[in-house]
Amino acid sequence: MKMLLKYLKPFWVPITVSLLLMMIRTLTDLYLPSLTADMVNIGIVNGDVGYIITIGIKMLTLAALGTTFAIIAGYLSAKAGNGFAKILRDKVFARVESFSLQEFDHFGTASLITRTTNDINQVRGIMDFGLRMMVIAPIMSLGSIFLAFSQDAALALIFVIAVPIIGLIIYLIMQRGLPLFTRMQNKLDALNLVLREGLVGIRVVRAFYRDPSEEKRLRKINTDYTQTATRVNRIMGTTMPLVSLIMNFAILAIVWFGGIRIDGGHIQIGNLMAFVQYAMLVMNSLIMLTRVFIMVPRATVSANRIGAVLETLPEIDDPSKEREIERQAGEIEFINVTLSYPGAEIPAISDISFSTRPGQKTAIIGGTGSGKSTLAGLILRLYDVSAGTIRIGGVDIRDLRQETLRAQIGYVPQKAVLFSGTVRENIAYGKEDASEAEVEQAAKTAQASDFISAMPKGMDSMIAQGGKSISGGQKQRLAIARALIRRPAVYLFDDCFSALDFITDAKLKSALFKETGKAAVIIISQRVSTIMDADQIIVLENGRIEGIGTHEELLKSCKTYLEIVQTQLKEEVSA
């Protein structure tokens, strides 16, 4: 919670003004019962109509003033609370964007979404409503008790008995409720995870007719979450009735003993009426505090979860002083590179050494799990090497800002990712200031022009979230166009031709390598036909290099490559 307070700095003025206005409103509420006592004791008892009217005007004025202040205070606190939530969402999202894949794996996507939405809303609720109540309730409660003592000290002893009992009840309930709020937020993460997987993977779910099992899976976690939430609400829900019960007994005792004291001539009826009003104010203030105490534990848990994200420093960070690229950015060198994922027993890749140069086409091939995509992630610096060095343009990539490094690379991932928006916007995502001609040329080179022109609005046709409105091959071609439009020093194609038929694949490669010019091209693929014309082919097996050379050289010198070629040739002949 403390970490979040620094983001409140822009809102101290509206918060302070709001609290001051609420304090004034509270003081007007506290003054009204005294006026009521005077109206009854002096005006009504003596039949003084003029005094009654005068006091009535005062009471109406105070009530109107208090209401106006309350409206202004509510506006200011709502503005501050929502502004604070906006800053938190921006800060959390910015921090998450800076995370390496290791931090993403640690928190989980579903949990990060919950922390950015639900958790921030819980904290906003405290800032908007809770902060006002935390100021108003103590002032109203203590002020009412003090003024009740001024009316009749003996009768006010009832509060001395009732208030500590209520305080003890609230404390015991909070002790039981706080751990449950932590569990509830964790179970909400799990619920969001199941929902997200079920919705994102709906095609697979339906293809395998797993709808009933997914419903059962969701029902289980939903029931678990509901049971925890119900238990929390049951515990917290007992607070208000118990407070009301005790305070109603206190009011009953006040009326009972107050009547006795009126008969004895110790107080007047107006004082008793004021006393009952003060008792009601005490009860209302305690109910306010109860509501705050219900909100605080959950908001505290949420604030800690938000703080955990903001306090997590990315494993991959920019250098304090960036070095300049000494040679051409297309020169990439892997020098004895090893990477071990956190918790893994063996390295994902070991002792990898190779280099590329501008104008050269380098291919990486190997079986599933051989470490091909890991190499792509290392070039982009999505992970940092455990040992060894990766250089681009003669400079260790750890000495470059991530923005500088990635600006040199046009990356096409294995799984094409598109964003909701138009076709043009998705292609221009690789270069925000791209001209119309550049967008069209990138689409043409990526062999996407034909299907784009066949779409109802051409380049202005909308792409559904995740690209679900087009086929896998079309998505891959748009992703390739997005990389081409950058005109980078290095093109990195991570097995992105797999959804293309052989004819489109051949046309694309023919057009593609005319466009890449002097850039270094790295192709990761499992198809021999895609990479056999590369200037150098790197064969991976179990995270190690089994051979480097041209297609012809590897057929003679690398048994693993020969087996891959023979296997694929057999499959093509069989097909």
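1. Before we look at any helices: an axis here is a line fitted to C-alpha atoms, for helices over the stretch in contact. Keep in mind, too, that this is a predicted model.

2. Start with helix α8 (residues 211-237) and helix α9 (residues 239-263), whose axes come within 5 Å and cross at roughly 10°. Angles under 35 degrees count as roughly parallel, so α8 and α9 are roughly parallel to each other. On the α8 side the contact is made by Ile235, Met236 and Gly237, and on the α9 side by Thr239, Met240 and Pro241. Sorted by type, the residues of this contact are four nonpolar, two polar and no charged.

3. Now for the rings. The count comes to seven aromatic pairs. Take Tyr341 and Tyr383: their ring centres are 5.0 Å apart and their planes sit at 70°, so this pair is edge-to-face. Tyr341 is in the loop between β1 (332-339) and β2 (349-356), while Tyr383 is in the loop between α11 (372-379) and β4 (387-392), so the pair ties together parts 42 residues apart in sequence. With 26% relative accessibility, Tyr341 counts as partly exposed; Tyr383, at 16%, counts as buried.

4. Phe419 and Tyr429 make a stacked pair, at 4.7 Å centre to centre with 25° between the planes. Phe419 belongs to the loop between β6 (409-412) and β7 (421-422), and Tyr429 to the loop between α13 (423-427) and α14 (436-445), so parts 10 residues apart in sequence are tied together. Phe419 has 36% relative accessibility and counts as partly exposed, whereas Tyr429, at 52%, counts as exposed.

5. One more to find on screen: Phe99, Phe104 and Phe107 are linked into a cluster by ring pairs.

Note on methods
Residues are numbered from 1 along each chain as its sequence is written. This is a predicted model: local features need pLDDT of at least 70, side-chain atom pairs count only at pLDDT 80 or more; totals for chains, interfaces and linings use all residues. Side-chain values use heavy atoms; hydrogens and water are left out. Axes are lines fitted to C-alpha atoms, for helices over the stretch in contact, and angles run from 0 to 180 degrees between N-to-C directions. Helices (H or I, at least four residues) and strands (E, at least two) are DSSP runs, numbered from the N terminus. Angles under 35 degrees count as roughly parallel, over 145 as roughly antiparallel, 65 to 115 as roughly perpendicular and the rest as oblique. Contact means heavy atoms within 4.5 Å. Ala, Val, Leu, Ile, Met, Phe, Trp, Tyr, Cys and Pro count as nonpolar, Asp, Glu, Lys and Arg as charged, and the others, Gly among them, as polar. Rings of Phe, Tyr and Trp (its six-membered ring) pair if their centres lie within 6.5 Å; planes under 30 degrees apart count as stacked, over 60 as edge-to-face and the rest as tilted. Buried means under 20% relative accessible area, exposed over 50%, partly exposed in between (1.4 Å probe, protein chains only).
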